[in-house]
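Welcome! Here is a short briefing to read alongside the sequence and the 3D view.

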Amino acid sequence: MLLDTPHTQHRVEPPPPAGLLDNLRGAAYRVGALAKHNTLIRLRDPGQMISYVAMPMVLMLVLKPLYVRAVEGGATQVATGLMVMFSVFAISIAGNAILVERTWRTWDRLRASRAPATELLLGKTIPIFVVMVVQQSILLVYGCLVIGLPIPRAPQYVVFAIAIWAFALLSIGAALATIVRSHGELSVISDVGALTLSSLGGALVPLSIMPEWAQVAAHISPGYWALTMMQAAVRGDAAGTLAPAGVLLAIGLVAGTFAVRRLTRGWGRGHLL
Amino acid sequence: MLEAIDLVKCYGPVRALDEFSLSVAAGEIVGLVGHNGAGKTTFVEIVSYLTRPDGGHVTIDGKPPSAVKGRVGVAPQHIALYPSVSVREHLELFGKLAGLRGQALTTAIDDIVAALRLSDFIDRHAAVLSGGQQRRTQAATALIHRPALLLLDEPTAGADLETRQAMLDVVKQRAGEGAAVVYTTHYLPELTELQATIAVVRDGRVIARGTHEELVDGLPGEVQLTFDNEEEITVSTTHPANTLIDLLSRADRPISTVDVRNPSLDDLYRSLAVSNAP
């Protein structure tokens, strides 16, 4: 019963071949559209961002006297430590932003569009990257103005450190979003993980007063490298900033590559929420 | 326009597509019908380059799906919209992703809003739309760039009459303009209205293909007589008119109603399900 279907052929012509410049313009246009769209979504649900800025501000204020009495450079410790800790919490912002595409089943709709996976990921992650940079910047400025964090001698190092840390966090959050099965699971992993790793890294209690084993174990925590980098950047120490930045960049690249591979292929039917 | 040959796709031990072949010409509407799990959605996913086949190949206008992603419009079976984003913002996003900009984008939005009757709720967020409004919005995002190939996976599932009619009108219009349309549905009368050719899918392959008339030709219809005393006679027959005349000539009691039902796609579906049962 398989039949031929006689129909008038009506060929819809494809667009003419575009040059490299046209392709780049097209890609930039699509990434811009996606970034605007994702920014809109973030702005309409700002709760997480607000709490991850407001909470460390309050904590810095109430914990400052304790830190100042306990350790030398207490103001730097409380400002950079809590900034690092709450920026790790912000992993869940990245994770949720990607995970909702799965909950809403919209990721496949984007994958079916003309935009290739790299454009989709750029459009998705640029606004989250900006959110993380803004969060860290606000907390550092607050640290300087209110808590007594020394004004950085070389602001460019701080900007560099913030960018590297935001990249690493974004990549880790994206990778997490591709392997968890639900928002609850993401929340547990990011909250418990953030608290554990940033505490272990010396963000909550200075490493110098932590047990010896914890000082050794701290090296496995991205929080340790972030804190070391931030404090060096605030001091204006280029070498001290670059070495941990290299570690964080490597972590970010590994996690980011994993996330890109997973997101490019989609979640498939077996992993729906 | 669309040529799929011997597609095979397995999900673990499940063979979702098993040498699935289908061709769709430009301007043609093909209704894909089949039970849940027959392989319709897997086929749509492969053509829209969301899933790779394990075997066989598919071309769209002679090119692989990866090369023509922007020229395919896909409306999946499930609602896939951003809850906090308005209808207009959805259309802008998908229009821009398809390469529309400036006045062309504005015109495309105006056209699809009018065609699918979205104007009353265009500035509302998707989360507050009714099911039918969400269906129409989703279809609009697939149709906005006037794709050469349309893949509509149960676009009217759970939809109200207005949504269904708007959808059918637009599909007919787009096919009339030359778009090839693959339309999966469980509502067989829609395919009659669309004047679609029909492909019946079972166990991952197309088991029958043709026009409505060709497919139901030879299938039995029904003649039903109801007598005044409320007794009924129902006869299944391939020649309803002759059978009716015969029954009327032999009736020995007053008849209250006569009902003649020609074979439908439902009958075809049932007969194929029986004749192809494993």
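Let's begin at one residue: B:Val33 lies in strand β3 (residues 29-33) of chain B, where helices (H or I, at least four residues) and strands (E, at least two) are DSSP runs numbered from the N terminus. This is a predicted model, in which local features need pLDDT of at least 70 and side-chain atom pairs count only at pLDDT 80 or more, while totals for chains, interfaces and linings use all residues. Residues are numbered from 1 along each chain as its sequence is written, and chains are lettered from A and ligands numbered from 1 in the order in which they are written.

**Around B:Val33**

- B:Val33 is buried, with 25 other C-beta atoms within 10 Å; a residue is called buried if 20 or more other C-beta atoms lie within 10 Å of its own, exposed if 12 or fewer, and partly exposed in between, with C-beta atoms placed from the backbone.
- Leaving aside residues up to four places away in sequence, B:Val33 touches B:Thr185, B:Leu188, B:Ile198, B:Val200, B:Val201 and B:Tyr269; two residues are in contact if their C-beta atoms, placed from the backbone, lie within 7 Å.
- B:Val33 and B:Asp203 are 170 residues apart in sequence, and their C-alpha atoms are 12 Å apart in space.

**How confident is the predictor?**

- The complex receives an ipTM of 0.80 and a pTM of 0.80.
- Chain B averages a pLDDT of 86, and 97% of its residues score at least 70; pLDDT is the predictor's confidence in each residue, from 0 to 100.
- Among the elements of chain B, helix α2 (residues 87-97) has the highest mean pLDDT (95) and helix α9 (residues 265-275) the lowest (68).
- Chain A has a mean pLDDT of 85, with 90% of its residues at 70 or more.
- Over residues 1-13 of chain A pLDDT stays under 50, and the model has 23 contacts beyond four places in sequence for this stretch.

- Chain A has 11 helices and zero strands.
- Along the principal axes, the C-alpha atoms of chain A fill a box of roughly 85 × 40 × 35 Å.
- Of the 273 residues in chain A, 42% are buried.
- Where the two chains meet, 32 residues of chain A are in contact with 35 residues of chain B.
- On the side of chain A that touches chain B, α1(A) gives the most, with seven residues.
- That side of chain A divides into 12 nonpolar, 10 polar and 10 charged residues; Ala, Val, Leu, Ile, Met, Phe, Trp, Tyr, Cys and Pro count as nonpolar, Asp, Glu, Lys and Arg as charged, and the others, Gly among them, as polar.

**Helix α2 of chain B**

- Nine of the 11 residues of α2(B) are buried, so this helix is largely enclosed by the rest of the structure.
- Among the buried residues of α2(B) are B:Val87, B:His90, B:Phe94 and B:Leu97.
- The cover over the buried residues of α2(B) includes α1 (20-43) of chain A, together with α3 (102-115) and α4 (131-143) of chain B.
- B:Gly99, which follows α2(B), has a positive phi, near 100 degrees.

**Domains and strands of chain B**

- Chain B is divided into domain 1 (2-215) and domain 2 (220-262), with bounds from an automatic or database domain assignment.
- The C-alpha centres of domain 1 and domain 2 of chain B lie 42 Å apart.
- β1(B) and strand β2 (residues 14-24) of chain B pair in the antiparallel sense over eight bridges; two strands pair if DSSP finds at least two bridges between them.
- β1(B) and β2(B) form a hairpin with two residues between them, and B:Gly12 in the turn has a positive phi of about 60 degrees.
- Strand β1 (residues 2-11) of chain B is also joined to strand β4 (residues 55-60) of chain B, antiparallel, by five bridges, and B:Ile5 stands opposite B:His57 in β4(B).
- Three strands of chain B form an open sheet in the order β11-β10-β12, with antiparallel pairing.
- The edge strands of this sheet are β11 (232-237) and β12 (255-261) of chain B, each pairing on one side only.
- Strand β10 (residues 221-227) of chain B is joined to β12(B) by six bridges, and the bridge partner of B:Phe227 in β12(B) is B:Ile255.
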